[in-house]
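Trainee: I'd like a close look at one part of this protein, starting from a single residue. Please take it slowly, step by step.

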Amino acid sequence: MKIGVGLFGNNGGHQIHGELVNHPYAQIVATAAMDTKLLAPEQQFDTDIRHYESLEDLLKDERVQVVSLCSPRRSNQVNEAIMCMQQGRHVYAEKPCALHEEELDLLLQAVNETGCCFREMAGTGFQQPYLAIRNQVLSGVIGEVVQVFAQKSYPYHDGRPQDEAIDGGLIGQNGIHAIRFVEHVACVQIKEIHAMETKLGNPCEHGGLHMAASMLMRLDNGGVASIVANYLNPKGFGGWGNEHLRIFGTKGFIEAVDGGARTRLVVGDHDWGPVDISQPEENYWNRFIQTLLGRAEMPVTLEDELHCTRMAIRAKKSANQQQTY
């Protein structure tokens, strides 16, 4: 018997319907507030999949065991996640799962009180080439991590919400990936974070969308890190995401640049060249389902996973306290 999954919303573009085509352990049983044209043809014509108007109606469907949230307004998602868990459903949620620390604490409290599993769609550091870099860092080959530089750049398009409550804004939905680079790939937790952001370059004259952000961090081990996040990736780059990650340690450095297309490991006086990325990457959703079935464990604890979200929230709070241009 497969785990029944309910899909709520498709805001953010990361709804998991594609993952559920012929999935061995899970299947869609219901949707709500979702464009069903996004479903695969076999899912669109599957009469066992019921379509509802609201999350409340979806939760009345007893076949739903897990809810995947890509809520129409990200500012509502934390309350929707708590509602799902209070009704006995596990939750897999688009990022950011919360926009304020108090909300994040309430969510963690609901996990403890209900016994339901909650996870954010936080697989950034477990995709290649970042999984291979993570493993190299954990092996100690570059020594202790001293400094990290991370970049996350996406293109601007007219569909980007000017209201940050819809998708979490630049830091919450874009910069959080770079925060995960620091914590899940360089494997050092952030202790302190500060940020500044700007609306310069926003083609909407009175729009609320921030176009670029810079973040500065103190790491738990005493090291430092910096992040660049923006919506300034031009089409000529040739890829959706223009990511860079450089991790400097006491013995050498390791990097992935140009959207992960090129990697390099240098230790001491030897350039080892590209990193071996032949290891299959982790599918975070599959690992979540396997964990529910008792067949696996998640690669990081929930606290470590959501610490990145907590740091994104603090970065946004810091940016709000600065002058915005």
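**A residue in a strand, then a helix**

Mentor: Let's start with Thr31, which sits in strand β2, residues 26–32. Keep in mind that the model is predicted. Is Thr31 buried or exposed? Its relative accessible area is 2%, so Thr31 counts as buried, the cut-off being under 20%. And what does Thr31 touch? Leaving out residues up to four places away in sequence, you'll find Leu7, Thr36, Ile49, Arg50, His51, Tyr52 and Leu58. Pick out His51 from that list: its side chain makes a polar contact with the side chain of Thr31, at 2.7 Å. Now find Leu55, which is 24 residues from Thr31 in sequence, with 8.5 Å between their C-alphas.

Next, hop over to helix α4, residues 101–114. From first C-alpha to last, its 14 residues reach 20 Å, close to the 20 Å expected at 1.5 Å a residue. Which residues of α4 are buried? They are Leu104, Leu107, Leu108, Ala110 and Val111. These lie on the same side of α4, because they cover an arc of only 150° around the axis. Here's the general idea: an α-helix has 3.6 residues a turn, so residues three or four places apart point the same way. The buried residues of α4 pack against α3 (74–86), β6 (118–120) and α9 (302–321). After α4 comes Gly115, with a positive phi near 75°.

Technical notes. Residues are numbered from 1 along each chain as its sequence is written. This is a predicted model: local features need pLDDT of at least 70, side-chain atom pairs count only at pLDDT 80 or more; totals for chains, interfaces and linings use all residues. Side-chain values use heavy atoms; hydrogens and water are left out. Helices (H or I, at least four residues) and strands (E, at least two) are DSSP runs, numbered from the N terminus. The expected span of a helix is 1.5 Å times one less than its number of residues. Buried means under 20% relative accessible area, exposed over 50%, partly exposed in between (1.4 Å probe, protein chains only). The arc is that of the directions from the helix axis to the C-beta atoms. Contact means heavy atoms within 4.5 Å. A polar contact is a pair of N or O atoms within 3.5 Å; within protein, one must be able to donate a hydrogen and the other to accept it, and residues adjacent in sequence count only if both atoms are side-chain atoms.
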